[in-house]
Amino acid sequence: MRTDSSPGTLPAREHLPAGDAGTPVLDVVIPVYNEEKDLQPCVLRLHEHLKRTFPYAFRITIADNASTDTTPLVSQRLEAEIPEVKAFRLEQKGRGRALRTVWSASDAPILAYMDVDLSTDLNALLPLVAPLISGHSDLAIGSRLARSSRVVRGPKREFISRAYNLILRGSLQARFSDAQCGFKAIRRDVAQVLLPLVEDTGWFFDTEMLVIAERAGLRIHEVPVDWVDDPDSTVHIVKTATEDLKGVWRVGKALASGSLPLDRITRPFGDDPRDREIQDVPKGLARQLVGFCVVGGLSTLFYLVLYSAFRQFGGSQIANALALLVSAVANTAANRRLTFGVRGRGGAVRHQAQGLVVFGIGLALTSGSLAALNAASSDPAHSTELAVLIAANLAATVLRFLLFRAWVFPDRDDDQPRTTVVAGHTPSYSTQQPYAPLPQRPTPHHQYATAPQPSYETTEFRAGEAAEQRSWRDATVQLQPVRPTDTDPRNS
């Protein structure tokens, strides 16, 4: 996706190196609030599954966000009994807040979370994180709405889930199938750049994170899951749906205004195979042609409607000029965003001025066609006028596309020196924050008591900034608010 801003800061995706190391590869976070009954069975079951099936070192982090029952005591007891379990205490509610805080403080290269009820079959966990370990994808989500998923739940929740995802597709153009399934994973390098852009601290956190990631061009891997509804779920459906709709409106407004700095999380040029130079195929031409044809067809209908309306109050030349002027402004704005992918307000005035020059050429073609028709017939029929205008507009459309592509919205990558195009990428991990080789789990004759224990870190957040790593000596320390918007009344 092209923008008017600087290129992204994310490195090219690389397969995590294999080998022995002390840092866990996977950190599974379980956000909880007053889950004293379900927490211990969940952690024991998850730990047994990972110990039996996951080939690398792992960690299970309990993110207790302001529980008022005995959940903190259960968390501390599990931490004391199981070396791979760590407890993390927050003094404010909000699932999104808990995930962002623990993910930002974790040192594991792969971060995941799942709901404490374990509605999702754990056999999907390894397929969920495998594309992230291999470097194939940036995020991974479990989907209850995929065709091969097997789901058991009531009609009410089924209807709400499908309706919500239809809203996301219609309003935010989301292409992922299931935003709210409590079964997701993300690469740590992606999370460090993506999470500061996510504002929500509650249940809409998942959706906002996925929409921003998708709009930035990150790859989201979907895993069909087997899922059984928890009849004792404490989620308030109506309140959650209302807050989600407010979040959809907020994110949609930010995307429409271009206020989200999506360029911060784009991959470098060359990481996408579509960036590669292919002989005799102009870059992006096919997509631009499709977008231009769609916009052109809608603009032509809009123009004809305007012409028919203006024709009631004036001559054909005046009606044609006014209709073409209004439709040309709308056409330039639509092509700027949809066809050529230019985001933000930078250069918008210049683009409209250049579009008006292109409009002048179209006006000359259509006006000349009308003049020729009037010279041939003193009183041509309205349908004949429309047919002539359509033919003239087709000729003007071809010229308009060429001028838009070569002059109004030129691909800036073509203007850069060839030396800036990188054919291959040196893994940036060696120069920034290197991932340690993938640690293998100890063989059965090893004891956890003698295995090296990883160090943990916590985070103090500032508004709009990435987290700074500090020593995580006490895994149950009280954390400061992540950002000013964390004082969300619905989470109190």
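**Figure 1. Overview of the protein chain.** Of the 492 residues that make up the protein chain, 47% count as buried. The model shown here and in the following views is a predicted one. The protein chain contains 13 helices and eleven strands.

Figure 2. With residues up to four places away in sequence left out, I186 touches W103, P109, I110, L111, L132, D138, L139, A191, L194 and M209. R187 belongs to strand β7 (residues 183–187). The relative accessible area of R187 is 0%, and R187 is therefore buried, the limit being under 20%. In sequence R187 is 76 residues from L111, yet their C-alpha atoms are 6.1 Å apart in space.

**Figure 3. Packing of helices α10 and α11.** Helix α10 (residues 316–339) and helix α11 (residues 348–376) have axes that come within 9 Å and cross at roughly 145°. This crossing is right-handed. The residues in the contact of α10 with α11 comprise twelve nonpolar, eleven polar and one charged.

**Figure 4. Packing of helices α10 and α12.** The axes of α10 and helix α12 (residues 382–408) lie 13 Å apart, and the two helices pack at an angle of about 35°. Their crossing is right-handed. On the α10 side the contact involves S316, N320, L324, N331, T332 and N335, and on the α12 side E385, L389, N393, R400 and F404. Sorted by class, the contact of α10 with α12 contains three nonpolar, six polar and two charged residues.

**Figure 5. Helix α9 and its buried residues.** Helix α9 (residues 285–310) has 26 residues, which at 1.5 Å a residue should span 38 Å; the C-alpha atoms at its ends are 36 Å apart, in agreement with that expectation. The buried residues in α9 are Q288, G291, F292, V295, G296, S299, Y303, L304, L306 and Y307. These buried residues pack against α10 and α12.

**Figure 6. Residue R405 of helix α12 and its spacing from Q288.** R405 is located in helix α12. R405 and Q288 are 117 residues apart along the chain, while their C-alpha atoms are separated by 8.8 Å. Q288 is one of the buried residues in α9.

**Figure 7. Helix α11 and its buried residues.** The 29 residues of α11 reach 41 Å from the first C-alpha to the last, close to the 42 Å expected at 1.5 Å a residue. Within α11, H351, Q354, G355, V358, F359, G362, T366, S367, L370 and L373 are buried. The partners against which these buried residues pack are α10 and α12.

Figure 8. N34 has a positive phi of about 55° although it is not a glycine. The loop that holds N34 runs between β1 (26–32) and α1 (39–53). N34 counts as partly exposed, because its relative accessibility is 28%, which falls between the limits of 20% and 50%. A66, likewise not a glycine, has a positive phi of about 65°. A66 is found in the loop between β2 (58–65) and α2 (71–81). The relative accessible area of A66 is 14%, so A66 is buried under the 20% limit.

Conventions
Residues numbered from 1 in each chain as written. Predicted model: local features only at pLDDT ≥ 70, side-chain atom pairs only at ≥ 80, totals over all residues. Heavy atoms only, no water. Axes fitted to C-alpha atoms, helices over the stretch in contact; angles between N-to-C directions. Helix = DSSP H or I, 4+ residues; strand = E, 2+ residues; numbered from the N terminus. Left-handed = near helix turned anticlockwise from the far one by under 90°. Nonpolar A, V, L, I, M, F, W, Y, C, P; charged D, E, K, R; others polar. Buried < 20%, exposed > 50% of the residue type's maximum accessible area, 1.4 Å probe, protein only. Contact = heavy atoms within 4.5 Å. Expected span 1.5 Å × (residues − 1).
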